[in-house]
Amino acid sequence: MEEEHMPAAGAGTGSKERARRCGFAVWLHGLGDCGGANEFIADHFSAAAFSDTRWGFPTAPTAPVTCNGGALMPSWFDIHDAPPITSKSVRGEEDVLRAVQTVHAMIDKEIAAGTNPEDVFVLGLSQGGALSIASVVTYPKTLGGCAVFSGFLPFNSSSFAARVTDDAKKTPVLWLHGAADSLIPVQEGRDGVKFLRGLGMTFEFKAYDMLGHTLAPYELEYCQRWASENILNEHGEGQELKKVAFRGASSSPESSTASPISRCFSCIKTL
């Protein structure tokens, strides 16, 4: 298994006077889905660090999607090219940035209500995963973490790097992907963490053998452990972030008998 240690600038400099907890988590769904249908996700985060978490499950606005022949459906931003998503696929950055503003407004509202930025998590699947990483790297403050499930970079990495704030570079990222994903190939995940590596960010990437473009229970279970142990310091106040940043080799699921969560759709709607 390949490992790369990438400590973020300022890692481990958080407050040592309070036990870290996840105060707010927002889950961003995939193309054609809706927020309410994903509320079961919260049930998979039962650790003490998430006992008081407020969850947000927004629904994307209904809009025409180019790759679906202009059909109207919930979509965070337009997707121009039919899958598979590759490095050559068109990226509509201005459309993505409008969606990012929506996520930022949700986070701003929580912080204004008293939530510490470092207790905020942004998670997303597929198109929602793409929006998650775009939202986190452009946010002006360090957040608790970002988890991308079967996502992709919805922007040109070379031009977008200038938009990444210094504080955002301190936000840890978990990127989980299926090695058998035919809609958003695992190479998109590898390209994503290559971008994060270039920024000097702390991240962890895991590719699961035989997992396609879907969400599996063991991915959510791993995300909960990653957040609790590495970010939220559930097992000890003031711990520094673990510096394990990259696992490039494909990994087998923690539970070989676990079946994928059926909430994920087939065909293009899973983007």
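**Terms and their criteria**

Modeller: Pro 84 is placed in the loop between β5 and α1. The model is predicted, and in it the peptide bond from Pro 83 to Pro 84 is cis, with omega near 10°.

Biologist: What makes such a bond worth noting?

Modeller: Most peptide bonds are trans, and most residues other than glycine have a negative phi. Ser 126 belongs to the loop between β6 (120-125) and α2.

Biologist: Why is α1 called roughly perpendicular to α2?

Modeller: The axes of helix α1 (residues 93-112) and helix α2 (residues 127-137) cross at roughly 75° and come within 9 Å. Angles of 65 to 115 degrees count as roughly perpendicular, and therefore α1 is given that description relative to α2.

Biologist: Which residues of α1 and α2 meet?

Modeller: From α1, Val 96, Ala 99, Val 100, Val 103 and His 104 meet Leu 131, Ala 134 and Ser 135 of α2. By class, this contact has 6 nonpolar residues, 2 polar and no charged.

Biologist: How many aromatic pairs are there, and why is the pair of Phe 77 and Phe 152 called edge-to-face?

Modeller: The count comes to 10 aromatic pairs. For Phe 77 and Phe 152, the rings are 6.4 Å apart centre to centre, with 75° between the planes.

Biologist: Which residues lie nearest the centre of the largest cavity?

Modeller: Phe 77, Asp 78, Val 90, Arg 91 and Phe 152 do, out of 13 lining residues. The volume of this cavity is about 90 Å³, and the structure holds 3 cavities of 30 Å³ or more. The lining of the largest cavity comprises 7 nonpolar, 3 polar and 3 charged residues.

Biologist: Which helix gives the most to the lining of the second largest pocket?

Modeller: Helix α4 (residues 186-199) does, with 4 residues. That pocket contains about 230 Å³ of space, and its lining includes Ser 87, Arg 91, Phe 155, Glu 188 and Lys 194. The lining divides into 3 nonpolar, 4 polar and 4 charged residues.

Methods. Residues are numbered from 1 along each chain as its sequence is written. This is a predicted model: local features need pLDDT of at least 70, side-chain atom pairs count only at pLDDT 80 or more; totals for chains, interfaces and linings use all residues. Side-chain values use heavy atoms; hydrogens and water are left out. On a 1 Å grid over the protein atoms alone, a cavity is a set of points where a 1.4 Å probe fits but cannot get out, and a pocket is an open set with protein on both sides within 12 Å along at least five of seven lines; lining residues have an atom within 4 Å of a point. Grid points are joined across faces, edges and corners, and a volume is the space filled by probe spheres set on the points. Helices (H or I, at least four residues) and strands (E, at least two) are DSSP runs, numbered from the N terminus. Ala, Val, Leu, Ile, Met, Phe, Trp, Tyr, Cys and Pro count as nonpolar, Asp, Glu, Lys and Arg as charged, and the others, Gly among them, as polar. Axes are lines fitted to C-alpha atoms, for helices over the stretch in contact, and angles run from 0 to 180 degrees between N-to-C directions. Angles under 35 degrees count as roughly parallel, over 145 as roughly antiparallel, 65 to 115 as roughly perpendicular and the rest as oblique. Contact means heavy atoms within 4.5 Å. Rings of Phe, Tyr and Trp (its six-membered ring) pair if their centres lie within 6.5 Å; planes under 30 degrees apart count as stacked, over 60 as edge-to-face and the rest as tilted.
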